[in-house]
Amino acid sequence: MVYFSKRKDEVVELNKSAPGKGIELSIVKKVYCKNFLYPTPFDLHFSNMHLQWFITRPADYISKMKGTDKDLAAHFTIIKNYGIALYGAQIDEIFGDVTREDYLDSIWCDIEGAKEDILENPVYVILNLCRAAVYLKSNLVVSKKQGGEWALQNLAGKYQSFITAALQSYALGIDMQVSKAEAQEFADYMLLMIGEMMIEI
């Protein structure tokens, strides 16, 4: 328990030095990384959302914070396209390919609640909707920043300032203030467009 307690304290200390969102990580067995399974099983997940539980009842947290996560299909796809191996084996030695079908389902599960989520986390949702549209339109896996930049060139002009504000907030790491009506109108517009493109696939 001494060793475990030390590792727990290290994670909490590292989390304090992270950007506002904090550290978010999932521990996944190598077999599911190389031979991808969807939804993907994970043995442990950590994020700011559960920080107090992790600090106050670590053993309970570790025993219960496991299961499957559809988001991992999207995370693995980003890793395959843009990841950097900081230590150990190279990415292609660990991660296999995620099928287009699984990636699309993962994307949709992440954005389907955008109309409500955009009010709580506008920058993430705005740019995530944009990069989902890029993938469906051009079959390109892009970053949130690249998604927003694509949207400035390809979406209706009435949303230009809205997307620009999201990109600026993302670059500066600051919160974005949005009006409920404008934010939900944009979410509706993007979800309709993305939904139509998914039907066409």
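Predicted model: local features only at pLDDT ≥ 70, side-chain atom pairs only at ≥ 80, totals over all residues.

1. Residues are numbered from 1 along each chain as its sequence is written, and side-chain values use heavy atoms, with hydrogens and water left out.

2. Overall form. The protein has 12 helices and four strands, where helices (H or I, at least four residues) and strands (E, at least two) are DSSP runs numbered from the N terminus. Its radius of gyration is 18 Å, close to the 17 Å that the globule rule gives for 201 residues, so the protein is as compact as a globular protein of that length; the radius is taken over C-alpha atoms, and the rule is 2.2 Å times the number of residues to the power 0.38. Along the principal axes, the C-alpha atoms fill a box of roughly 60 × 35 × 30 Å.

3. Among contacts (heavy atoms within 4.5 Å) between residues at least 6 apart in sequence, 60% join residues at least 24 apart.

4. The structure holds 10 aromatic pairs, counted when ring centres of Phe, Tyr and Trp (its six-membered ring) lie within 6.5 Å, with planes under 30 degrees apart called stacked, over 60 edge-to-face and the rest tilted. The rings of Phe36 and Phe76 have their centres 5.8 Å apart and their planes at 65°, so this pair is edge-to-face. The pair links distant parts of the chain, since Phe36 sits in the loop between α2 and β2 (40-42) and Phe76 in helix α5, 40 residues apart. Phe76 also forms an edge-to-face pair with Phe95, at 4.9 Å centre to centre and 75° between the planes; here Phe95 lies in the loop between α6 and α7 (100-111), 19 residues from Phe76. Phe76 is buried at 5% relative accessible area, and Phe95 is buried at 14%. Ring pairs link Phe36, Tyr38, Phe76 and Phe95 into a cluster.

5. Val28 and its surroundings. Val28 is found in the loop between β1 (25-27) and α2 (30-34), and counts as buried at 17% relative accessibility. Leaving aside neighbours within four places in sequence, Val28 is in contact with Cys33, Thr40, Pro41, Phe42, Leu72 and Phe76. Val28 and Pro41 are 13 residues apart in sequence, with 6.8 Å between their C-alpha atoms.

6. Salt bridges. The count comes to 11 salt bridges, each being a side-chain nitrogen of Lys or Arg within 4 Å of a carboxyl oxygen of Asp or Glu. In one of these, Lys16 and Glu13 meet at 2.9 Å, N to O; being three residues apart in helix α1 (residues 2-16), they are separated by about one helical turn. Asp105 and Lys70 meet at 3.4 Å, N to O, and this pair links distant parts of the chain, with Asp105 in helix α7 and Lys70 in the loop between β4 (67-69) and α5, 35 residues apart. Asp97 forms a salt bridge with Lys80, the closest N and O atoms being 3.4 Å apart. Asp97 lies in the loop between α6 and α7 and Lys80 in helix α5, so the pair ties together parts that are 17 residues apart in sequence. Arg57, Asp60 and Lys64 are linked in a network of salt bridges.

7. Another loop residue. Ser47, in the loop between β3 (44-46) and α3 (51-56), is buried at 9% relative accessible area. Not counting residues up to four places away in sequence, Ser47 touches Ile23, Glu24 and Tyr61.

Terms used. Buried < 20%, exposed > 50% of the residue type's maximum accessible area, 1.4 Å probe, protein only.
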